[in-house]
Amino acid sequence: MMNDTLSPGTIGRRRAAPLPEQPPQLWKSVKPKKAYDAIIVGGGGHGLATAYYLAKNHGMTNIAVVEKGWLAGGNTARNTTIIRSNYLWDESAGIYEHSLKLWETLEEDLGYEMFFSQRGVLTLAHSVSDVRSKKRNLYANALNAIDSEWLTPAEVKKLVPIINISEDVRYPVHGATYQPRGGIAKHDWVAWGFAKAASDLGVDIIQGTEVTGFDIRNNTVHGVHTSQGSIAAGKVGLVAAGHSSLLAELAGFSIPIQSRPLQALVSPLLEQVLNTVVMSGAVHVYVSQAHKGELVMGAGTDAFNSYSQRGGFHVIEHQMAAALELFPIFARAQVLRTWGGIVDIAPDASPIIGLTPVENLFINTGWGTGGFKATPGSGWVMAHTMAHGTPHELNRPFALDRFVTGHLIDEHGAAGVAH
């Protein structure tokens, strides 16, 4: 048993199962054909999910996913894997809850292990105004039939015994919202699962191929220009996260996206002491413990725009100090590695999914720091939009023209600690 320090050891209440053996090849390595019915630009989780659901739900199998780097080399493998649906507004609750329901059967659907673990997500409140804000979110969740509970400080301590709920600290815990169905999954395995399932349905996955322009005639897209030559396509979907603004400019229109680094870190393998996800906006950190035992921590974005996939040391220092304030037991833990993703942030902290000013050119971007949790739901609605040329009911409110009409969906509050 552990007392006041963490030490490397074996997993406690959850088994540390060995990872299953991988086949020699999960998806086919192919060269691009001259033409496709649809091309998805971006080989991350959202792009792969879009291709999979286009094939599975809509029977479109002559599809290519074109990725300039390697599959899942962007935000999909550079996040903290938190999954939840307890957002504030009806529009957000609808799409995130749909996504969570897909997560709950995704391993069976794809036939691939993703280590999806519904260990719950706890969001702490540290002041009177914080309590009011969290309870407003709680009541909104109840109206949308989303599982969410209010916990007192004592109930928080019972759920997370290692947390500090003393009143003699800078930000004492006044309570928390808790979504039991929330949790985590293994991010790279999610991408591999979608890639394998899409490839098995006939989708071509093309890595190391950069899109350098578009074939647009009479305001209709007819294909893409790439580093391997031009490829014709009846429909094109831009699913490139923070780089979507660059692709939009190549297509002749602009989107209101800022791309910033978001950092995270992990510790070495430790005894299992944290069996749920804990988020705090006041001390500014979110923490979970992965399946093998490493602590996974994140905080907010860096203040500057960048595509560097790294950020400033002061952000890491701040989130570690915040984690120690909540969990003094972490004082002897070490940092194993850090990384950064490029998050795509819209002015209202909500995604942009739907049509563009160019006919048959579609876009899916602006997920900010909440993209991983939305992976299956995002692919589902994007596939519907591309297949039918009109938005799904769940993504209709997230149209690009809302920044003209003023019908914004401001999720800055419910996004929590960069989530």
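Colleague: How far apart are the end C-alpha atoms of helix α3 (residues 128–143)?

Modeller: This is a predicted model, in which local features need pLDDT of at least 70 and side-chain atom pairs count only at pLDDT 80 or more, while totals for chains, interfaces and linings use all residues. Residues are numbered from 1 along each chain as its sequence is written, and side-chain values use heavy atoms, with hydrogens and water left out. Helices (H or I, at least four residues) and strands (E, at least two) are DSSP runs numbered from the N terminus, and the expected span of a helix is 1.5 Å times one less than its number of residues. The 16 residues of α3 should therefore span 22 Å, which agrees with the distance between the end C-alpha atoms, 23 Å.

Colleague: What covers the buried residues of α3?

Modeller: Buried means under 20% relative accessible area, exposed over 50% and partly exposed in between (1.4 Å probe, protein chains only). In α3 the buried residues are Asp-130, Val-131, Lys-134, Asn-137, Leu-138, Ala-140 and Asn-141. Contact means heavy atoms within 4.5 Å, and the cover includes β4 (121–125), β5 (149–151) and β6 (175–179).

Colleague: Which residue takes a positive phi just after α3?

Modeller: The phi in question is about 60 degrees. The residue with this value is Ala-145.

Colleague: Why are the buried residues of α7 said to be on the same side of the helix?

Modeller: The buried residues of α7 are Val-315, Ile-316, Gln-319, Ala-322, Ala-323 and Leu-326. They lie on the same side because the arc they cover around the axis, taken from the directions from the helix axis to the C-beta atoms, is only 125 degrees.

Colleague: Which exposed residues are on the face of α7 turned away from its buried side?

Modeller: The buried side of α7 is covered by elements including β12 (258–269), β13 (277–280) and β16 (337–345). The face turned away from it carries the exposed residues Phe-313 and His-314.

Colleague: How is α1 oriented relative to α2?

Modeller: Axes are lines fitted to C-alpha atoms, for helices over the stretch in contact, and angles run from 0 to 180 degrees between N-to-C directions. Helix α1 (residues 45–58) and helix α2 (residues 90–110) pack at about 75 degrees, with their axes 14 Å apart. Angles under 35 degrees count as roughly parallel, over 145 as roughly antiparallel, 65 to 115 as roughly perpendicular and the rest as oblique. The angle therefore makes α1, relative to α2, roughly perpendicular.

Colleague: Is Asn-218 buried or exposed?

Modeller: Asn-218 lies in the loop between β9 (211–217) and β10 (220–226). Its phi is near 55 degrees, a positive value in a residue other than glycine. With a relative accessibility of 79%, Asn-218 counts as exposed.

Colleague: What is the relative accessible area of Ile-231?

Modeller: Ile-231 is found in strand β11 (residues 229–238). Leaving aside neighbours within four places in sequence, its contacts include Pro-32, Tyr-36, Ile-39 and Val-224. Ile-231 is buried, with a relative accessible area of 4%.
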